[in-house]
Amino acid sequence: MRKEKTMVSAKDRTMCEATQQMLEKARRDGVKLDLDRGYEMKPCPIGVESACCKHCYMGPCRLNPKDPYKKVGVCGATIDTIMARNFGRNVAAGSASHNDHGRHILGLFRGIIDGKVKDFTIDDTIKLERVAKSIGIEVEGKEVLEVAKELCDELEKTFSSVEGEMPFTKRAPKATRELWRKEGVMPRGAMLEVMELMSRTHIGCDQDYNNLMKQISRTALADGWGGSMVATELSDIIFGTPSPTLADVNMGVLKEDHVNIIVHGHEPAMFEGMLMAVNDPFFIKEAKAKGAEGINLVGMCCSGAEMMSRHGVPHAGSFGSTEAVIVTGAVDAMVVDIQCIKQGLAEVAKCYDTHLITTNPRAHIEGATHIEFDERDPRICTDEVLSKAIARYATRKMPIEIPKQIQTGVHGFTHEYIEYMLGGSFRGSYSPLNENIINGRIRGVAGVVGCTNPKVKQDSIHIELVKELIRNDVLVLQTGCSQISLAKAGFLVPEAASLAGPGLAEVCETVGMPPVLGLGSCVDNTRILIAASAMVKAGGLGNSIADLPVAGCAPEWMSEKALAIGQYFVASGVYTVFGIGFPSIKETKFHNLLFDGLEKQGYGKWGTAKDPIEIAGMMIAHIDKKRKQLGIDKARERTLVGMSNRRELVF
């Protein structure tokens, strides 16, 4: 074990006090966590700027990022072709992961309709009808299952079509769709788009970065307006559409006198199955017979964010804390499915005698126990998990150290609830939001989303960025691990309006909402797409998403999914800034296309910076640019007003 004095202070590795405490404990215990591995791992200076091509075995070919046009690859590929191919394969993998998730949820939906799945039902029939009507399905006079079957059949085209347009693209503004058609990037079927992009990036195939960019955009759009949107909308229909609810976040939600089970991953069905199982009187009795006060079900990462939003299930932390939470010694079982699951969990779990249980056939981990989850008979998996966790509680050997930090926040906003919040049951509309953007009380809207990355101090960029945005009257929408970062920092409560600028604060106080709205998991970024489309439809802010005074950011991104998400926002018209770094070389033709050329074609564009204040400045400057183009850049209101004026504000 390395001496602690040779290591970077835990306070310099994470802003989360609970994670700091567990990192220090892990070091004392001789266990190395991802936060230390990430600090020690030095990235390849060529690979980090995407100047390496390993798509065939004539190479790998390494070009010099400091002189990128000095030479080409063995096949003659230029730096622009190499970067475009690398970026394309990242987007293809990210889009494939989200589309696989959406296809799985669609399969569950079909199983419910066909009667093969008995333990789950259609929970939200109002949303079922609303989603069906949004893509042109007639619902009047039809039974629930009839509407559901028609919707299921139509959404199947999202994945299997080889021509035409994806069903949910009908929800995008007309001008945005016209751009996609004109530029040849309208997505057809997800399987086709991913396959074609992988084919084009093969050695000797597409070697024009501009042409590759078209398929990259089409594949990314197949994620945002395809599989991800299917996953979000059908999950709401099956499990219930979230609405604002109080939920506790951070490691203090663990209970020493309870059997603690953490569910971590991305697919909601397994977590929903666990929620049913832990409330079974049989297992509660079993736990108490072993000396426990009960069973404590806790979420982490994105499926945890979904369950927190739908049911108020407590949440122990983001991606960056999934190893650290096991160090408490109080986790009797961590149950995982797909995406963002670190292989390092297996070794940490072994050190603390915790059951690490994989449940999905698409994601096994060497050293973990595999208990497969089947929606047709979920209790086979959930009951075995519970039995193992209860048995582990009864034989706990490790000392327990649970951090005390717990933060309570409001979670569970959706594009539907925002509409209701602004106008009520009968006057639900985005018009009040648009009006307050036009009159200047709200400067604009920012989506701050995504991962945590051990390359930087955990949560730090998220928190400082959002603090600066709301201080400048920018309303912030959040998904994924970013939402957890800000919840731990206390931003997801109405009282946080005191941290906002005077205009945004006044709107928040009038409505009774936080200045930061949590919308769920990373797949739920589609809620932001739909909200942006609703803003265009409400009028006054242009004809396309690209006209809106909005911007997006993934401050601590790390995954290929993040690149796919970023590209579908850019292709939809949103200026999107990534923190930490970006896999391209400045002043190359491909980089200039991403960071300038796409906007000239009518899309959004990319941006990148490392400092959170600089990122905020870039996003605010873009929002101000859009305000000026819309002619709403006049002096913005900065004074609080009287009660009579406040009545006019009421949504």
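The model is predicted: local features need pLDDT of at least 70, side-chain atom pairs count only at pLDDT 80 or more, and totals for chains, interfaces and linings use all residues. Residues are numbered from 1 along each chain as its sequence is written, and side-chain values use heavy atoms, with hydrogens and water left out.

**Helix packing**
- Helix α9 (residues 209-239) packs against helix α20 (residues 526-538) at an angle of about 100°, with the axes 9 Å apart.
- That makes α9 roughly perpendicular to α20 (an angle of 65 to 115 degrees).
- Residues in contact (heavy atoms within 4.5 Å) include W225, M229 and E233 of α9 and R527, L529 and I530 of α20.

**Salt bridges**
- The structure holds 45 salt bridges (a side-chain nitrogen of Lys or Arg within 4 Å of a carboxyl oxygen of Asp or Glu).
- R171 pairs with E233, their closest N and O atoms being 2.8 Å apart.
- R171 lies in the loop between α6 (144-160) and α7 (174-183) and E233 in helix α9, so the pair ties together parts 62 residues apart in sequence.
- Both R171 and E233 are buried (under 20% relative accessible area).
- A salt-bridge network links K127, R171, E233, D236, E306, R310, E416, D524 and R527.
- R379 forms a salt bridge with D383, with the closest N and O atoms 2.6 Å apart.
- R379 and D383 are 4 residues apart in helix α14 (residues 379-394), so about one helical turn separates them.

Terms used
Axes fitted to C-alpha atoms, helices over the stretch in contact; angles between N-to-C directions. Helix = DSSP H or I, 4+ residues; strand = E, 2+ residues; numbered from the N terminus. Parallel < 35°, antiparallel > 145°, perpendicular 65-115°, else oblique. Buried < 20%, exposed > 50% of the residue type's maximum accessible area, 1.4 Å probe, protein only.
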